[in-house]
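Here are my notes on the model you sent over, as numbered points. Have the structure open while you go through them.

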Amino acid sequence: MTLARQSAGRPVPAASGAPGAPHAPHAPDAPDAPDVPDAPRSRNDRFPGFDGLRAIAALTVVGVHTAFASGFTSKHAALGRYSSRLEIGVQVFFVISGFLLYRPFALSHLAGSPSPVTRQFWTRRLRRIVPAYWVAFIVVTYLLHADDVHHSWDAPLIYLGFAQIYFPSYIIGGIKQAWSLGTEMSFYVVLPLYAALLRPAGPTARTAPLDRTAPLDRTPPTVRAPDRQLRRELVGLGLLTAISFAYRIPVLSVHSALTSAMPSWLPGYLDQFALGMLLAVVSAYLAATGRRPRLLWHAATPWLCWAGAAVAFVAVSNLGLSVKPLAAPSMGQSLLRQTLYGAFAFLLV
């Protein structure tokens with residue numbers, strides 16, 4: 001909430017590097033916005049503050065693995081329950097991806113601007129992820145021999161094709177932490193198709209420039225079409241969340257070799273991506289309509305978001321979950337863990 005609200009205010013200077021590593025596309029700098037407060041912005045807007053969020057997420061992921069490998073998590077019962085939950089950084093990455101990658105589509109839907117080209121979107125995703133991961137996998141696996149892999153003809157295809165999450169015997173092989181890349185790649189494939197379903201059938205009315213003298217909460221006169229599209233977007237995100245829970249419940253109910261890997265598939269995390277997409281929709285709606293709710297710009301809002309994220313982390317750390325990485329929780333614990341992880345990531349962003 002703290003950083004996502006940048007999108008509806010005045011233009012944010014572009015960072016020297018792309019803001020999306022590893023989850024945002026390269027794009028040329030956006031053209032200068034009109035000299036009007038809160039004017040609709042280009043889909044190429046950049047949010048350099050997300051670099052800090054990525055740092056937090058990356059450090060938590062490093063922390064959970066080093067704390068377990070060093071024995072800290074198992075030897076310190078009081079602190080181990082917290083260090084074992086540092087895996088929460090993965091959800092932060094998912095929410096970041098949902099926001100940064102869906103916002104250009106949401107802005108095109110709500111502001112009537114051109115939609116991103118699907119082929120270019122997929123090409124950029126591949127350029128961002130594939131070369132770096134392939135180099136890392138080849139070096140770690142075949143030069144350093146630092147991980148365990150199956151020595152079969154199809155093993156390189158599975159690992160290099162981000163498909164290890166679809167094979168139970170492969171999911172904990174190779175670079176084990178790369179399972180989330182398989183989920184991310186699935187999201188990249190689906191996102192433009194989902195956006196196409198939500199695209200308005202006709203042109204969306206553009207909002208008149210915001211009156212400089214009007215109160216901040218005053219609604220501009222031509223927001224009917226964006227309002228209708230906003231409702232469509234919210235319904236779509238609600239359906240994604242419902243699909244995620246409808247998928248996870250039966251998968252968690254059946255214990256087999258196949259279902260042990262299925263929670264890592266995209267449907268199992270659609271609710272997490274949807275949280276980022278929700279922020280993207282709200283951000284795009286505010287940019288398209290010129291609205292600036294006082295609540296989001298209140299000085300206390302960032303502090304409340306940080307406090308809420310802290311509460312979510314403390315709560316999930318005290319659910320009685322096992323500190324072992326691959327231990328299977330009960331269905332109730334799993335669903336509650338997912339909800340609290342999502343709340344943490346949502347409030348952080």
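1. Let's begin with a helix pair. The axes of helix α9 (residues 270-289) and helix α11 (residues 331-348) come within 10 Å and cross at roughly 25°. That makes α9 roughly parallel to α11 (angles under 35 degrees get that label). Axes here are lines fitted to C-alpha atoms, for helices over the stretch in contact, and angles run from 0 to 180 degrees between N-to-C directions. The crossing of α9 and α11 is right-handed, meaning that the near helix is turned clockwise from the far one by less than a right angle.

2. Which residues in α9 and α11 meet? From α9 you have Asp271, Gln272, Leu275, Leu278 and Leu279, and from α11 Gln338, Tyr341, Gly342 and Phe346; contact means heavy atoms within 4.5 Å. By class, the contact of α9 with α11 has five nonpolar, three polar and one charged residues. For the classes, Ala, Val, Leu, Ile, Met, Phe, Trp, Tyr, Cys and Pro count as nonpolar, Asp, Glu, Lys and Arg as charged, and the others, Gly among them, as polar.

3. A word on what you're looking at. This is a predicted model, with residues numbered from 1 along each chain as its sequence is written. Local features need pLDDT of at least 70 and side-chain atom pairs count only at pLDDT 80 or more, while totals for chains, interfaces and linings use all residues, and side-chain values use heavy atoms, with hydrogens and water left out.

4. The overall layout: the protein chain has eleven helices and zero strands. Helices (H or I, at least four residues) and strands (E, at least two) are DSSP runs, numbered from the N terminus. Of the 349 residues of the protein chain, 48% count as buried; buried means under 20% relative accessible area, exposed over 50%, and partly exposed in between (1.4 Å probe, protein chains only). Among contacts between residues at least 6 apart in sequence, 77% join residues at least 24 apart.

5. Now the core. The largest nonpolar core has 82 residues, and those with the most contacts inside it are Phe50, Tyr102, Phe187, Leu191, Met277 and Phe344. Such a core is a set of buried Ala, Val, Leu, Ile, Met, Phe, Trp, Tyr and Cys residues joined through side-chain atoms within 4.5 Å. Helix α4 (residues 89-111) supplies the largest share of this core, 15 residues. Leaving aside neighbours within four places in sequence, Phe344 touches Ile88, Val92, Ala309, Ala312 and Phe313.

6. How does α4 pack against helix α7 (residues 179-198)? The angle is about 20°, with the axes 11 Å apart, and α4 and α7 are therefore roughly parallel to each other. α4 passes α7 in a right-handed crossing. By class, the contact of α4 with α7 has 14 nonpolar, five polar and one charged residues.

7. α4 also meets α9: their axes come within 6 Å and cross at roughly 35°. This contact has 18 nonpolar, six polar and one charged residues.

8. Leu279, in α9, is buried, with a relative accessible area of 7%; the C-alpha atoms of Leu279 and Tyr102, 177 residues apart along the chain, are separated by 9.4 Å. Ile243, in helix α8 (residues 224-253), is partly exposed at 43% relative accessible area. The C-alpha atoms of Ile243 and Pro267 are separated by 6.9 Å.

Key: Angles under 35 degrees count as roughly parallel, over 145 as roughly antiparallel, 65 to 115 as roughly perpendicular and the rest as oblique.
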